[in-house]
Number of protein chains: 2
Amino acid sequence: MKRAMFTTPQDAEAAFYEAFEKADLDAMMAVWADDDDIACVHPGGARVSGVAQVRESWRRVFAGGQALRFRLRQQQSLNGMTFAVHSVYEQISIACEAGARNPVITTNIYMRTENGWRMVVHHASPAPSSPDSEGKRAPKMLH
Amino acid sequence: MKRAMFTTPQDAEAAFYEAFEKADLDAMMAVWADDDDIACVHPGGARVSGVAQVRESWRRVFAGGQALRFRLRQQQSLNGMTFAVHSVYEQISIACEAGARNPVITTNIYMRTENGWRMVVHHASPAPSSPDSEGKRAPKMLH
């Protein structure tokens, strides 16, 4: 299988959201590191780990057949020589569906491998209704 | 203020959960890097960024006054020279409360700074009821 070589974390992230929008499983998995310790948390789901579980989780997500579009907001990053952490709000819209959905808060972590930059962690969770409320809300749970 | 110097990510993580259990705000903030780009997501909450917002979020969490106890399960880690990523299930119990709460899935990220290892990201989100369901559940949401 042809695998892309991502020379920056930004390239890997662009490929991740492109694969997500296209529901392209091979392209999605080409973004991930080939490592037992990769981890993925879909919103409301359990953590899945390792290539086989992560691939299966995306197969299920893509099986829904919905054409998603992502707009990334409030991007923050922490960059090292071999790791990069990107924190984003994903504003997701669905073709043929009116109205806005609640955004998703996502931590994407990339690692520089011998095959270029690859995703090692994707942790996504539902955000409160308005990202503009950032920093103004008290957490509703005890933690 | 006296600040601890953590020589490993594990030391920083131990101090994080100790400060959490003691609801000790100064000890909690001593674990975090002094950086505008630190980010914290409490379960169900918005992302807060930077020292002032992160501190305020913990002040609110601790203001609840509940004595929490943490048991960490299914720990995974990815380690680099300057970054460490820890993924854990937090099983939280409350003194004087019977019954188990749903676990929390947490991604903790540490960075090696000139002042030792410090936390830079804490992303926590509610997990499905049983961590044993890991990898066996289809995500309920489209993402």
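A nonpolar core is a set of buried Ala, Val, Leu, Ile, Met, Phe, Trp, Tyr and Cys residues joined through C-beta atoms within 7 Å. Buried means that 20 or more other C-beta atoms lie within 10 Å of a residue's own; exposed means 12 or fewer, and partly exposed is in between, with C-beta atoms placed from the backbone.

Now the model. It is predicted: local features need pLDDT of at least 70, side-chain atom pairs count only at pLDDT 80 or more, and totals for chains, interfaces and linings use all residues. Residues are numbered from 1 along each chain as its sequence is written, while chains are lettered from A and ligands numbered from 1 in the order in which they are written.

Start with the core. The largest nonpolar core holds 72 residues. Which of them touch the most other members? They are A:V31, A:V120, B:V31 and B:V120. Take A:V120. Leaving out residues up to four places away in sequence, its contacts include A:I38, A:Y110 and also B:L78 from chain B. Contact here means C-beta atoms, placed from the backbone, within 7 Å.

Next, chain A. It has 3 helices and 6 strands. Both are DSSP runs, numbered from the N terminus: helices are H or I with at least four residues, strands are E with at least two. The order along the sequence is α-α-β-β-α-β-β-β-β. Of its 143 residues, 41% are buried. Among contacts between residues at least 6 apart in sequence, 48% join residues at least 24 apart.

Look at the strands of chain A. Strands pair if DSSP finds at least two bridges between them. β3(A), residues 68–79, and β4(A), residues 83–94, pair in the antiparallel sense over 10 bridges. A hairpin of 3 residues joins β3(A) to β4(A). One bridge puts A:R73 with A:Y89. On to β5(A), residues 104–113: this strand pairs with β4(A), again antiparallel, over 8 bridges. There, A:S87 stands opposite A:T107.

Over to chain B. Its open sheet has 6 strands in the order β2-β1-β6-β5-β4-β3, with mixed pairing. Why is one side of β2(B) and of β3(B) left without a neighbour in the sheet? Both stand at the edges, so each has a single partner strand. Neighbouring strands are turned by 25° against each other on average, direction ignored. β3(B) pairs antiparallel with β4(B) over 10 bridges, and B:S77 has B:H86 as its bridge partner.

Now the helix α1(B), residues 9–22. Its 14 residues should span 20 Å at 1.5 Å a residue, and its end C-alpha atoms are 20 Å apart, so the two agree. The expected span is 1.5 Å times one less than the number of residues. Where do the buried residues sit? B:P9, B:A12, B:E13, B:A15, B:F16, B:A19 and B:F20 are buried. They cover an arc of only 160° around the axis, so they are on the same side of α1(B). That arc is taken from the directions from the helix axis to the C-beta atoms. What covers them includes α2, β3, β4, β5 and β6 of chain B. Just after α1(B), B:A23 takes a positive phi of about 55°.

Last stop, B:A67. This residue is in the loop between α3 and β3 of chain B. Buried or exposed? B:A67 counts as exposed, because B:A67 has 12 C-beta neighbours inside 10 Å. Leaving out residues up to four places away in sequence, B:A67 touches B:I94 and B:A95.

Methods. Contact = placed C-beta atoms within 7 Å. Axes fitted to C-alpha atoms, helices over the stretch in contact; angles between N-to-C directions.
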